[in-house]
Amino acid sequence: MIRMCIVGTCFQFEDNFYKQIFGLQMGAKLSPIVANLALEIFETESAADIIQRSIFWMRYMDDILSVWKEDEDLEAVLKELNTRHNSLKFTLEEEEENQLSFLDLSIIRCDSCLEFKIFRKPSNNLLTINYFSSHEPQIKLSGIISMYLRALKFVSPKYMEEEFKMIESIVKINDCPDHIVNLARDKANIIFHKTLPRTIYNPTMTLCLPFAPCLSKLSGPLHLMGIKLVFKYNNTLLDRLCRNSPCSYEANIYAIKCNCNKFYIGQTTLEVTKRVSQHYSYVIKNVHNSACNQHYRECNMGIIWNQPLTISHINDYFSRNMFETLLIKYTWENNFNLSVGPVASDKLLLHIASVDYKFGELLDKHGLSQTRSNT
């Protein structure tokens, strides 16, 4: 199974399909685990003798912090290290002015100790979650608290005030008011200096809801009832880009007729006949939330499975949802759908869309009833 996940990485770009022949898939959950194991094997088998010559060697994924004697030729060490594996190539970054960055820390070598401060790349634009974004307030607050906690845990006292000022400037760039900043700083101090054991909260169940600002008030009461409230954020930019991206398939709005003159309206990115066969399987399996199954049990006339109707071809995700919803509402009295579709709509929009989409002509063309809905 692991081998299949590693060597079977395929992807599509435009109309062509490609197979990755080297390396691991970026973003896959298995990739960092395998990469970490590969480097551990390299350290213990291929480069063990080199590592033993160092005073200190510590690795986090592919970032290594090491300390060597002053008379050690680091360029020679690097060259030797890069000969131990054909696919692994290391680079070298030495300290400058007694300072070296490792991960998100700047390590400063003093006469008798090491000091630390937060390292930020020059390309860092200092953007975090904007205060006016549609996120749960606790998420916005937690982000600021985490910055303060990181400073309290790792930054040396000498640089603490400097880091606090940097955090304040970051949150101001992201439109966060002063009272939220002060609240986050106070909470971070309480968490950092708290010595009592942390209370473990084990909810009996989890409730997931689409996020709305008013719903965050439910967290407290539900917490007392042993229910953990989590939010799902819909309509993100990534979601819209992915769903509305150009596609190579042809999506359809279709109808399944019954001998009682009623019909079912749906949408699919599959072939219409395949989608209809799925509906038929729901009837065979007696799936209770299937509209076709319910109508089949209630009507004795019989559904016409072998003559599905393709009403329209619409690849655009949002246009397809809108079209399906409006068509279902337009013919509500004569279809046997269980819901009015995925998009909310009102009477005015329904009237305008029915004219624009020419529902009457479409329904006449396919022999479907035009009785309009008053819902």
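Is Arg84 buried, partly exposed or exposed? Arg84 counts as partly exposed, at 26% relative accessibility. Keep that residue in mind. One caution before we go on: this is a predicted model.

Let's stay with Arg84 and look at its partners. Its side chain meets that of Asp49 in a salt bridge, 2.9 Å from N to O. That pair links distant parts of the chain. Asp49 sits in helix H3, residues 48-52. Arg84 sits in the loop between H4 and E5. The two are 35 residues apart. Asp49 is partly exposed, with a relative accessible area of 37%.

Arg84 has another partner, Glu80. Here the side chains meet in a salt bridge at 2.8 Å, N to O. Glu80 is also partly exposed, because its relative accessible area is 27%, and buried would mean under 20%.

Now a pair elsewhere in the chain. Glu163 and Arg120 form a salt bridge, with the closest N and O atoms 2.6 Å apart. This pair, too, links distant parts of the chain. Glu163 belongs to helix H6, residues 157-173. Arg120 is in the loop between strand E7 (114-118) and helix H5 (137-154). They are 43 residues apart. Are Glu163 and Arg120 buried or exposed? Both are buried.

Back to the Arg84 group. Salt bridges that share partners join Asp49, Arg53, Glu72, Glu80 and Arg84 into one network. And the total for the model? The count comes to nine salt bridges.

Next, the surface. Which residues form the negative patch? They are Asp73, Glu75, Glu93, Glu94, Glu96 and Glu97. Take Glu94 as the example. Glu94 is in the loop between helix H4 (74-81) and strand E5 (99-102). Its relative accessible area is 44%, so Glu94 is partly exposed. A patch residue needs over 30%, and Glu94 has 44%.

There is a nonpolar surface patch as well. Ile55, Phe56, Met58 and Val67 make it up. Together they have about 360 Å² of accessible area. Val67 is found in strand E4, residues 63-67. With a relative accessible area of 39%, Val67 is partly exposed.

Two more residues, then I'm done. First up, Asn321. Where is Asn321 placed? In helix H12, residues 317-330. Asn321 counts as buried because its relative accessibility is 9%, and the cut-off is under 20%.

Last, Lys228. This residue lies in strand E9, residues 227-232. Lys228 counts as partly exposed, at 41% relative accessibility. Pro203 is 25 residues away along the chain. Even so, the C-alpha atoms of Lys228 and Pro203 are separated by 5.9 Å.

To recap. Arg84 bridges to Asp49 and to Glu80. Glu163 and Arg120 form a salt bridge, and both are buried. The surface carries a negative patch that includes Glu94, and a nonpolar patch that includes Val67. Asn321 is buried, whereas Lys228 is partly exposed.

How values were computed. Residues numbered from 1 in each chain as written. Predicted model: local features only at pLDDT ≥ 70, side-chain atom pairs only at ≥ 80, totals over all residues. Heavy atoms only, no water. Patch = residues over 30% accessible without salt bridge, like charges linked within 9 Å, V, L, I, M, F, W, Y side chains within 5 Å. Areas by Shrake-Rupley, 256 points an atom, 1.4 Å probe, with all protein chains shown as cover. Salt bridge = Lys/Arg side-chain N within 4 Å of Asp/Glu carboxyl O. Lys, Arg positive; Asp, Glu negative; His and termini not counted. Charge placed at Lys NZ, Arg CZ, Asp CG, Glu CD. Helix = DSSP H or I, 4+ residues; strand = E, 2+ residues; numbered from the N terminus. Buried < 20%, exposed > 50% of the residue type's maximum accessible area, 1.4 Å probe, protein only.
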